[in-house]
Amino acid sequence: RRRQRTERSALQSSIPDGAEVSTETSPGVNVGNSSFLRAVDEFGMSLKPRALQAYEKSLTFNANATSVSSTPESSVVNGDQVSSRVESLLYRAKSNIMWMLYIGYRGYRGFFVILPAVFREVYRQLEESDLVLDAYEDEDAQNGADDSSEADQSMRMRTRLTISVLSMILTASYVVSGLIRVLGMFVKTFTRTTSVESSLEAAADEVVSNEELLRRQTER
């Protein structure tokens with residue numbers, strides 16, 4: 001104890017006068033991470049209206065090109081028609097890129113925000129149901145296992161491992177089924193409309209619907 005007191009006094013003497021020593025973690029890192037995540041969310045949520053706006057502009061330029069080609073002076077203003085066609089294609093490509101980025105953003109939210117909550121909820125439900133624990137207790141009873149603390153600890157470890165594996169399997173099934181629904185919606189819409197923009201929009205709406213289903217799963 002005397003040695004610790006000597007070391008503490010030596011440490012205090014090495015600190016300049018007026019200097020403050022803080023044992024608390026600086027909140028700057030957390031504030032920076034929160035600001036970055038907020039910026040990512042704001043950018044991601046802005047992708048859908050930007051995709052719709054770009055698609056509307058592509059339709060406007062396409063209509064202008066069509067109206068120019070229908071005029072008697074179309075041979076004279078052929079340059080304006082080509083320019084409108086090019087602008088329409090560029091805005092349509094921008095719309096498709098925005099939709100794909102939006103789908104990727106919603107996938108990021110689902111994977112890093114919603115799925116962990118779903119996993120915890122599934123784990124909790126399996127743990128509270130005692131199905132796995134009862135199965136191991138019946139197995140130990142049939143094998144004539146003793147009631148020692150070592151056996152109980154082994155059974156608890158096996159129970160937790162089994163519940164974790166089952167939770168991962170159920171969570172993965174939610175992911176696979178949601179992905180199948182999104183791809184199915186894209187193919188179905190494209191087959192009906194032959195429009196890439198409408199198909200991407202329908203797929204994005206399906207991603208949002210999957211998020212709502214997963215969120216309701218965590219609220220049970």
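**Entry 1: ground rules.** I call a residue buried under 20% relative accessible area, exposed over 50% and partly exposed in between, with a 1.4 Å probe and protein chains only. The model is a predicted one, so I kept local features to pLDDT of at least 70 and side-chain atom pairs to pLDDT 80 or more, while totals for chains, interfaces and linings use all residues. Numbering runs from 1 along each chain as its sequence is written, and side-chain values use heavy atoms, with hydrogens and water left out.

**Entry 2: confidence.** I checked pLDDT, the predictor's confidence in each residue, from 0 to 100. The protein averages 75, and 67% of the residues score at least 70.

**Entry 3: the fold.** How many helices and strands are there? I found six helices and zero strands, taking both as DSSP runs numbered from the N terminus: H or I over at least four residues for helices, E over at least two for strands. The pattern along the sequence is α-α-α-α-α-α. Of the 220 residues, 23% are buried. I also looked at contacts with a separation of 6 or more: 75% of them join residues 24 or more positions apart.

**Entry 4: S84.** Is S84 buried or exposed? S84 is buried, because its relative accessible area is 11%. The residue sits in helix α3. Setting aside residues up to four places away in sequence, I see S84 touching F61, N64 and A65.

**Entry 5: aromatic rings.** A pair of aromatic rings is described by the distance of the centres and the angle of the planes. I count rings of Phe, Tyr and Trp (its six-membered ring) as a pair if their centres lie within 6.5 Å; planes under 30 degrees apart are stacked, over 60 edge-to-face and the rest tilted. The structure holds seven such pairs. F61 and Y91 make a stacked one, at 5.6 Å centre to centre with 10 degrees between the planes. This pair links distant parts of the chain, since F61 is in helix α2 (residues 28-69) and Y91 is in helix α3, 30 residues apart. F61 is partly exposed, with a relative accessible area of 25%.

Why is the pair of F119 and Y123 tilted? The ring centres of F119 and Y123 are 6.4 Å apart and the planes stand at 35 degrees, so the pair is tilted. F119 and Y123 are separated by about one helical turn, because they are four residues apart in helix α3. F119 is partly exposed, at 27% relative accessible area. I also noted one aromatic cluster formed by Y105, Y108, F111 and F112.

**Entry 6: the largest pocket.** I searched a 1 Å grid over the protein atoms alone; a pocket is an open set of points where a 1.4 Å probe fits, with protein on both sides within 12 Å along at least five of seven lines, and lining residues have an atom within 4 Å of a point. The largest pocket has about 490 Å³ of space, the volume being that filled by probe spheres set on the points, with points joined across faces, edges and corners. Its lining has 24 residues, and V175, G178, L179, V182 and N210 are the closest to the centre. Helices α3 (78-129), α5 (149-193) and α6 (196-218) each supply at least two lining residues, and α5 gives the largest share, with nine. By class I get 14 nonpolar, six polar and four charged residues. Nonpolar here takes in Ala, Val, Leu, Ile, Met, Phe, Trp, Tyr, Cys and Pro, charged takes in Asp, Glu, Lys and Arg, and the others, Gly among them, are polar.

**Entry 7: two residues of α6.** N210 is in helix α6 and counts as buried because its relative accessibility is 9%. Beyond its neighbours within four places in sequence, N210 is in contact with G178, R181 and V182.

E211 is also in helix α6, and its 4% relative accessibility makes E211 buried. With neighbours within four places left aside, E211 is in contact with R106, R109, G110 and I114. The C-alpha atoms of E211 and L115 are 9.2 Å apart, across 96 residues of chain.

**Entry 8: T194.** Most residues other than glycine have a negative phi, and most peptide bonds are trans. T194 is not a glycine, yet its phi is positive, at about 55 degrees. T194 lies in the loop between α5 and α6 and is exposed, with a relative accessible area of 60%.

Conventions. Contact = heavy atoms within 4.5 Å.
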